[in-house]
Amino acid sequence: MARGAVGFGLIIGSIAAVPAVGPVALLAAPLALIAFRGCPTCWAVGLAQTISRGRLERRCADGVCTLARPRAEAGKGAAGS
């Protein structure tokens, strides 16, 4: 969560500072990628999954991540054991 706060803070701060500092403020935005440590889209999907607390699951295939409801079969197998 801290990495997300820093990453989004850098993005929002760099955009907000443009009127005061000029376009040079946008140089801080790429630092957000370092804070995210990877693909911002996949990070956002993971954050949404964390917030959903298991009501959604992330599925990634061929570099594309999506959110979906958990498969019913996975829950039944664990409960029947």
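This report walks through a predicted model of a single chain, from its overall layout down to a few individual residues.

## The overall layout

Let's start with the big picture. The chain is built from five helices and two strands.

How much of the chain is tucked away? Of its 81 residues, 17% count as buried. The exposed surface comes to about 5,900 Å², and carbon and sulfur atoms supply 66% of that. As for contacts, take the ones between residues at least 6 apart in sequence: 22% of these join residues at least 24 apart.

The average pLDDT for the chain is 76, and 80% of the residues score at least 70.

## The disulfide and the loop between the strands

The model has one disulfide. It links Cys 60 to Cys 65, with 2.2 Å from S to S. That pair counts as a disulfide because its sulfur atoms fall within the 2.5 Å cut-off. In general, a disulfide is a covalent bond between the sulfur atoms of two cysteines. The link between Cys 60 and Cys 65 is right-handed, with 110° about the S-S bond.

Are the two cysteines buried or exposed? Cys 60 has a relative accessibility of 47%, so it counts as partly exposed. Cys 65 has a relative accessible area of 18%, so it counts as buried.

Now look at Asp 62, in the loop between β1 (57–61) and β2 (64–68). Most residues other than glycine have a negative phi. Asp 62 isn't a glycine, yet its phi is positive, at about 55°. Asp 62 is also exposed, because its relative accessible area of 82% is over the 50% cut-off.

## A nonpolar patch on the surface

Which residues make up the nonpolar patch on the surface? They are Val 21, Val 24 and Leu 27, and together they have about 300 Å² of accessible area.

Leu 27 can be found in the loop between α2 (18–21) and α3 (31–36). Its relative accessible area is 62%, so Leu 27 counts as exposed.

## Two pairs to find in 3D

Here are two pairs to look for. Ala 2 belongs to helix α1, which covers residues 2–16. With a relative accessible area of 59%, Ala 2 is exposed. Ala 2 and Phe 36 are 34 residues apart in sequence, and their C-alpha atoms are 9.6 Å apart in space.

The other pair starts with Leu 56, in the loop between α4 (40–52) and β1. Leu 56 is partly exposed, at 28% relative accessibility. How many residues apart in sequence are Leu 56 and Thr 66? They are 10 residues apart, with 9.8 Å from C-alpha to C-alpha.

How values were computed
Residues numbered from 1 in each chain as written. Predicted model: local features only at pLDDT ≥ 70, side-chain atom pairs only at ≥ 80, totals over all residues. Heavy atoms only, no water. Buried < 20%, exposed > 50% of the residue type's maximum accessible area, 1.4 Å probe, protein only. Helix = DSSP H or I, 4+ residues; strand = E, 2+ residues; numbered from the N terminus. Contact = heavy atoms within 4.5 Å. Areas by Shrake-Rupley, 256 points an atom, 1.4 Å probe, with all protein chains shown as cover. Patch = residues over 30% accessible without salt bridge, like charges linked within 9 Å, V, L, I, M, F, W, Y side chains within 5 Å. Salt bridge = Lys/Arg side-chain N within 4 Å of Asp/Glu carboxyl O. pLDDT = per-residue confidence, 0-100.
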